[in-house]
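Could you walk me through this structure in my viewer, one selection at a time? I am new to it and would like to know what to click on next and what is there.

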Amino acid sequence: MVILEAVLQNFGKFHNIAIGFENEINLIYGENETGKSTLQAFLQGMLFGIEKTRGRSSSIDTYTLYEPWENSSYYEGILRLEKDGIIYRIHRCFYKSDKSITVLNETTGEEMGEQGLAHILEGVTERGFINTVCIGQLRSATDQSLTELLQNTVANLYASGNMEWDIPKAFRFMKTERKQFIKKKNAQTEEREENLQMQQEFEQLEKDIAYQNAYKEEKQKEIINIKDEIKNTDRKQKKGIKIVIGMLILGVILAGISIAAIFLKYHLAFPISLGSSAFLFFCIALYNQMKVKKDKLLIKEQMDKRKQIEEEQQKIEWKLEQMQEKSAVFQTDLEAYQMRMEKNNKIQEEIEALALAEETLSEVCKAMQKDFKRNLNQKISSLVSYLTDGRYTKVAIDSVCNVFILTPTQKLSIQQLSRGTIEQIYLALRLAAADCIPGYEKMPLILDDAFAFYDETRLEKILCYFAQEEKRQIFISTCHKREEEILTKNNISHQKIVIKDL
């Protein structure tokens, strides 16, 4: 990537200022408070944006520090750059209430949004940018972001050979997915307990239904028996009525004959005999009449009992209907539960697979990190050896980017070295990391008064290194004249930009 032009339409102290750059060392000279850091902040802000923070820190955040001195709502600029032979124009509005960005492909005329900027940056993040190729005043040291960036690079390079995969993001995704599966599994366990209770209720309901059906059949048999009893009693009643009528008729006939015999003066024994017979028939008739009444009462009782049983049977049928409906609901719920169980049978397998994937990916990261660190250490060591004229030839970094100097006899912390040497080592770490991490090797190198602790010898060494080895565009901001003197002395091609002349 080559930055061609920066147009500070309204940014900090600058208003409608256009600055052109070359694909070489751009030496930006200016005394203190002239705006060198403002220009660096503008370049960084155009690529990654500037967010307004909240709370107490908002008074000293980047947004506030570089807010336009006049007309703060007009807070924007333009950046033209070239990448892979294509020229892009980025226009960004920083104003907190009206943030926007447009990207124009000047080569084809195609308008692009933030996706266009993402294409240009190729995975380069602001934190990664700050920890590799963008060095502010007295900020050569890196932070935890570089450690994460390096570790992510290790895993990505091993997995795909490029930076298309975000391994920390993959870890977060797998952990989130595993948590979701575990949550589902726990919910399934709770549902299984609820289902067990429902199954027990369903089984009890089926037993109740079977009992009610048996009870219903029993009552049906009782009704049939009562009907038979009513028929028998009715038959007996009708038979008794006939007997009563017959006896009454015979009694009346005999009584009439007896009376007639008395009037005809038959022997007294004859009418008495007939009268006795008639009386007997009347008694038999009366007895049967009483039986008939008793049978009527019995029939009424039987009819009442039949009605009672029929009403009870109706209640049983209604209860059975309710129970069968509930049983059907249970059956549907149980079938749905079985379907869910079949669908979620692989939850445990998914949990185990995700755990295995995390473990495998972690092992891959560890394995590849050794090779990557070896290459990174070699690059840093080579650069440090060059910058220190061979005084320190072997540099090592640990898993959290702590830097050590290895001598034949001991392992030195860089804190034991001079501030100038420390600055050189951290710069070497940044440059080596930028060379090793895909995407960052194409980014311009921006240094804002980064050589404050360099003596002339160290400064000349690093500037000559830039001229000989670095293939990227370089921005060097300074308030001193020694950088220009060294560049001129060594015939190093560069463009000088004087801030006060803008």
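Start by selecting I19, which you will find in strand β2. Keep in mind as you go that this is a predicted model. Is I19 buried or exposed? With a relative accessible area of 5%, I19 counts as buried, because the cut-off for that is under 20%.

As background, strands of a sheet pair through backbone hydrogen bonds, in either a parallel or an antiparallel way. For an example here, select β1 (residues 2-11) together with β4 (residues 76-83), an antiparallel pair with 6 bridges. Which residue of β4 is the bridge partner of N10? Click on E76 to see that partner.

Now move on to the nonpolar side chains. In soluble globular proteins, such side chains tend to be buried together. The largest nonpolar core in this model has 87 residues, and L447, F451, I462 and F466 are those with the most contacts inside it. Helix α9 (residues 419-436) gives the most to this core, with 11 residues.

Zoom in on F466. Leaving out residues up to four places away in sequence, F466 touches I25, L427, L431, L445, L447, F451, I474 and I476. Another core lies apart from the largest one; it has 6 residues, including L205, I316, M323 and F330.

**Last stop: a glutamine in α9**

Finish by selecting Q424, which lies in helix α9. How buried is Q424? Its relative accessible area is 2%, so Q424 falls under the 20% cut-off and is buried. To see what surrounds Q424, show L387, T388, Y454 and R458, its contacts once neighbours within four places in sequence are left aside.

Key: Residues numbered from 1 in each chain as written. Predicted model: local features only at pLDDT ≥ 70, side-chain atom pairs only at ≥ 80, totals over all residues. Heavy atoms only, no water. Pairing = 2+ DSSP bridges. Helix = DSSP H or I, 4+ residues; strand = E, 2+ residues; numbered from the N terminus. Core = buried A, V, L, I, M, F, W, Y, C linked by side-chain atoms within 4.5 Å. Buried < 20%, exposed > 50% of the residue type's maximum accessible area, 1.4 Å probe, protein only. Contact = heavy atoms within 4.5 Å.
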